[in-house]
Amino acid sequence: MASPRLKYLSLGVLVFQTTSLVLTMRYSRTLQGDGPRYLASSAVVVAELMKIVACLLLVLKEHNYSLRALNSILRQEILHKPIDTLKLAVPSGIYTLQNNLLYVALSNLDAATYQVTYQLKILTTALFSVSMLGRRLGVYQWLSLLILMAGVALVQWPSETPGAKETEAPATGSQFVGVAAVLVACCSSGFAGVYFEKILKESKQSVWVRNIQLGLFGLVFGLLGMLAYDGERVSESGMFQGYNGITWTVVALQALGGLVIAAVIKYADNILKGFATSLSIILSTLISYFLLQDFDPTRLDC
């Protein structure tokens, strides 16, 4: 059983990482630069590559920096167990889709609206946990999920005044695309997270080795997606077009997120992970309102 210290440390790091990633990603997707904007598909690929390298270093550290031991572990767990490795192709493909959808969502929604709507993944995670892991939820947990659904519905409730309809019209389609992207990401996140948790907790292997397997498939799926959707732009201006310091920060935070989430799933569980990430809503909302100034809370006229 995981120690409480590791459990709450991983949850705390996850809250920090989630808040930082959402805000920097939103800023990077709305920043007006001189050249072309960076490709979201390229950022997903680079993040997967960073995650693989980080996991290789962590496995190397676990084995006293022995390259021979690292080579033995990788051969034994990846090449000699092809069925176990292929099982991770499912969550890896879904995570790759999810990562691309989050860039679409944050290109069309402000950080606060995105954060609140994305918390529906707690509901999908709970439903998949009950159906796939046989987990039982208490009355208060189900009540919390119902309150969550009500909160998300209120965030998306139409609030424009008659005089503002013409002004807001051009943005309506973009908001619909953003919300649709978040909803699909919520469903994919719930299933992939519970599936990965099931694999991790049924295995005695290092969580970092499992992340290498996950990252290898993610790298392949990411490259295929990049070539399919942005192949022409990559051939014209290169894979790293539009990259700057903010872009590299986003990529690094996304790579860190994969490692932190794996640790949280290992030492805690998916439902607790979902409630922990909800804490970042408050920070994201405040920063989005005061610093980014792209979030205008609805004012109710009495």
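**Close-up views of a predicted all-helix chain**

View 1. A search of the whole structure finds zero disulfides. The model shown here and in the other views is predicted. Cysteine 186 takes part in no disulfide, and its nearest cysteine sulfur, that of cysteine 187, lies 6.8 Å away. Cysteine 187 is partly exposed, because its relative accessible area is 45%.

**View 2. Packing of helix 2 against helix 3.** Two packed helices are described by the angle between their axes and the distance between the axes. Helix 2 covers residues 40-62 and helix 3 covers residues 67-79. The angle between these two helices is about 115°, and their axes are 9 Å apart. The crossing of helix 2 with helix 3 is right-handed. On the helix 2 side, the contact is made by Leu56, Val59 and Leu60. Helix 3 contributes Leu67, Leu70, Ile73 and Leu74. Seven residues of this contact are nonpolar, with no polar and no charged residues.

View 3. Glutamine 254 is part of helix 11, which spans residues 245-267. Its relative accessibility is 9%, so glutamine 254 counts as buried, the limit being under 20%. Leaving aside residues up to four places away in sequence, glutamine 254 touches Gln17, Leu21, Ala43, Val44, Ala47, Asn99 and Tyr103.

**View 4. The chain as a whole, as context for the close-ups.** The chain contains 13 helices and zero strands. Read from the N terminus on, its elements run α-α-α-α-α-α-α-α-α-α-α-α-α. The chain has 302 residues, of which 46% count as buried. Among contacts in the chain with a separation of 6 or more, 85% are accounted for by residues 24 or more positions apart. The accessible surface of the chain comes to about 16,100 Å², and 65% of this surface belongs to carbon and sulfur atoms.

How values were computed. Residues are numbered from 1 along each chain as its sequence is written. This is a predicted model: local features need pLDDT of at least 70, side-chain atom pairs count only at pLDDT 80 or more; totals for chains, interfaces and linings use all residues. Side-chain values use heavy atoms; hydrogens and water are left out. A disulfide is a pair of cysteine sulfur atoms within 2.5 Å. Buried means under 20% relative accessible area, exposed over 50%, partly exposed in between (1.4 Å probe, protein chains only). Axes are lines fitted to C-alpha atoms, for helices over the stretch in contact, and angles run from 0 to 180 degrees between N-to-C directions. Helices (H or I, at least four residues) and strands (E, at least two) are DSSP runs, numbered from the N terminus. A crossing is left-handed if the near helix is turned anticlockwise from the far one by less than a right angle, and right-handed if clockwise. Contact means heavy atoms within 4.5 Å. Ala, Val, Leu, Ile, Met, Phe, Trp, Tyr, Cys and Pro count as nonpolar, Asp, Glu, Lys and Arg as charged, and the others, Gly among them, as polar. Accessible areas come from the Shrake-Rupley method with a 1.4 Å probe; for residues, only the protein chains shown count as cover.
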